[in-house]
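Visitor: I would like to go through this model with you. Could you put it on screen?

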There are 2 protein chains.
Amino acid sequence: MGDQTQNRRARLRAETAQEIKTIALRLMSEGGPDAISLRAIAREMGMTAGAIYGYYPTRDDLVTTLISDVYTSLVDQAEAAVAPLPVDDVAGRTLAWAQAFRAWSVANPEGFRLIYGDPVTGYQPPEGGPAAEAAQRACAGLTSLVAGAWPRAENLEAADGHLWSDFQPAFAADIRDRFPELPPAGVALAIRVWGRMHGLVALEIYGHLRPLTHDPAKLYRAEMLDLVRSLGLTPHA
Amino acid sequence: MGDQTQNRRARLRAETAQEIKTIALRLMSEGGPDAISLRAIAREMGMTAGAIYGYYPTRDDLVTTLISDVYTSLVDQAEAAVAPLPVDDVAGRTLAWAQAFRAWSVANPEGFRLIYGDPVTGYQPPEGGPAAEAAQRACAGLTSLVAGAWPRAENLEAADGHLWSDFQPAFAADIRDRFPELPPAGVALAIRVWGRMHGLVALEIYGHLRPLTHDPAKLYRAEMLDLVRSLGLTPHA
DNA sequence: TAGAATTACTACACGGTGTTCAGTATCAGC
DNA sequence: GCTGATACTGAACACCGTGTAGTAATTCTA
């Protein structure tokens, strides 16, 4: 019966590892990224801080997997918001993605900080880590929107001057594989769209808009409408 | 001679307070915002950590004054980059501001994190603090650019729908005082321009662009050219 | 110039953190 | 029932911010 007992132990192990993540996420949502302390997690689990080292080699590794989880949930939500809309409604899909992005960020400010800010004291993101993967996934989602708008936005290409060699090879290969019709300028545009969505939300999450306006949603909406217009699209209604 | 000795003591006091800030800034530029520890500062000064409490009531207060200093230096640099250009070259001034903003950020990533990110473990920005003041100053600089472009960009006003009541009273009053001709939509546009400059730079500073491109400057330049074009301006050459 | 008062600073303690490691208790496998 | 792996404890180490009590020096006053 080696297998069953092995499975049993492996299952318990996996459950414990999951519980650590769950508690860590709850602590983060309650007290910010800095509340993710091994001691606090262990305290809630009735364990010792040292015990966690049996599951994650260091706290940064735990944070890394949390980032992966959280980032994935964000991209999932954005993709889910886009999915029900018809593929030819590029303006609607873009606005839906943008609103989903902000809605998630406002609902999970700590998650936003975890992904896009200094996650936690002294943390350095691993080079090829899951954050990079999720970032590529997010960027690919935006790229598909831009690719949909591209036929009508080609006038933007002229002055851009981007080449394939400007991008990281792995990323460029992935994109060229998925969107063969899209020129480098389109990829650059996708990243720029990402930056444009990111900017106002980041300022809002970190409280820099508070002394200026009490309706950041309106501001963001105006910006996104301007964005789809700049893509040569006209939003339905 | 009470005055002179008072002055002498006050001078020494001010010098020590300044030295604390200087060392804190150096520590930050070397090891990130989290390297600002009272113990490390005191160690470099040949003092005890507790001694710093004679100059700053708490570490967050020290960080607050650092933010003020750093933020001021950023805005100073942006304004200095704009100053030599003729007032009617709105496109050039806008691009100059944008480039100065990114150049400063790339040169002082830790400073950028300090201003725009989680400054430091558990730090909460004071409500009416110096960060808010510097933010208003930065925003006012951008607003003056937008005000310069406004006559040619009024077509953007229609769909915006912003009202003065959407903004914080103090901010709105300040802006209306300085730019009487500018409607609410123009102020909203100024903040949006800020967000647009902020987005790509924030992504770059926090390493999210690294897996995508190795020429973030080119990307940023393309975005800023698109921005001035969307303001109805054409950059010189 | 001698004493009083203010100031600057140290020394130490408290509770918090990540991390390591020797030891122990539990449990699967023979 | 014994052996070996696994999970966990408990204590330690080196940090951190923050107070507080005491001390040394410097300034003011008489």
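Guide: Chain B superposes on chain A by a rotation of 180 degrees with 0.0 Å of shift along the axis, at an RMSD of 0.1 Å (least squares on the C-alpha atoms of residues with pLDDT of at least 70 in both copies). That is the relation of a two-fold axis.

Visitor: Which C-alpha of chain B is nearest the axis?

Guide: That of B:Gly199, which lies 1.7 Å from the axis. Both copies use the same surface, as 100% of the contact residues of chain B recur in chain A; contact means heavy atoms within 4.5 Å.

Visitor: What are the ground rules here?

Guide: This is a predicted model, in which local features need pLDDT of at least 70 and side-chain atom pairs count only at pLDDT 80 or more, while totals for chains, interfaces and linings use all residues. Residues are numbered from 1 along each chain as its sequence is written, chains are lettered from A and ligands numbered from 1 in the order written, and side-chain values use heavy atoms, without hydrogens and water.

Visitor: How many residues does the contact take from each chain, and what area is buried?

Guide: Chain B gives 49 residues and chain A gives 49 residues. About 4700 Å² is buried between them, with 56% from carbon and sulfur atoms (accessible area, 1.4 Å probe, lost on being put together, summed over both parts). B:Asp118, B:Arg192 and B:Leu212 supply 16% of the area that chain B buries against chain A, more than any other three residues.

Visitor: How many salt bridges are there across the interface?

Guide: The rule finds 6 between chain B and chain A, a salt bridge being a side-chain nitrogen of Lys or Arg within 4 Å of a carboxyl oxygen of Asp or Glu. The side chains of B:Asp166 and A:Lys218 form a salt bridge at 2.8 Å, N to O.

Visitor: Now helices. At what angle do helix 8 and helix 9 of chain B pack?

Guide: Helix 8 (residues 184–205) and helix 9 (residues 216–230) of chain B pack at about 170 degrees, with axes 11 Å apart. Helices are DSSP runs (H or I, at least four residues), numbered from the N terminus; axes are lines fitted to C-alpha atoms over the stretch in contact, and angles run from 0 to 180 degrees between N-to-C directions. Helix 8 and helix 9 of chain B are therefore roughly antiparallel (over 145 degrees).

Visitor: Which residues of helix 8 make that contact?

Guide: B:Val193, B:Arg196, B:Met197, B:Leu200, B:Val201 and B:Glu204 of helix 8 of chain B.

How values were computed:
Buried area is the accessible area (1.4 Å probe) that two parts lose on being put together, summed over both. Helices (H or I, at least four residues) and strands (E, at least two) are DSSP runs, numbered from the N terminus. Angles under 35 degrees count as roughly parallel, over 145 as roughly antiparallel, 65 to 115 as roughly perpendicular and the rest as oblique.
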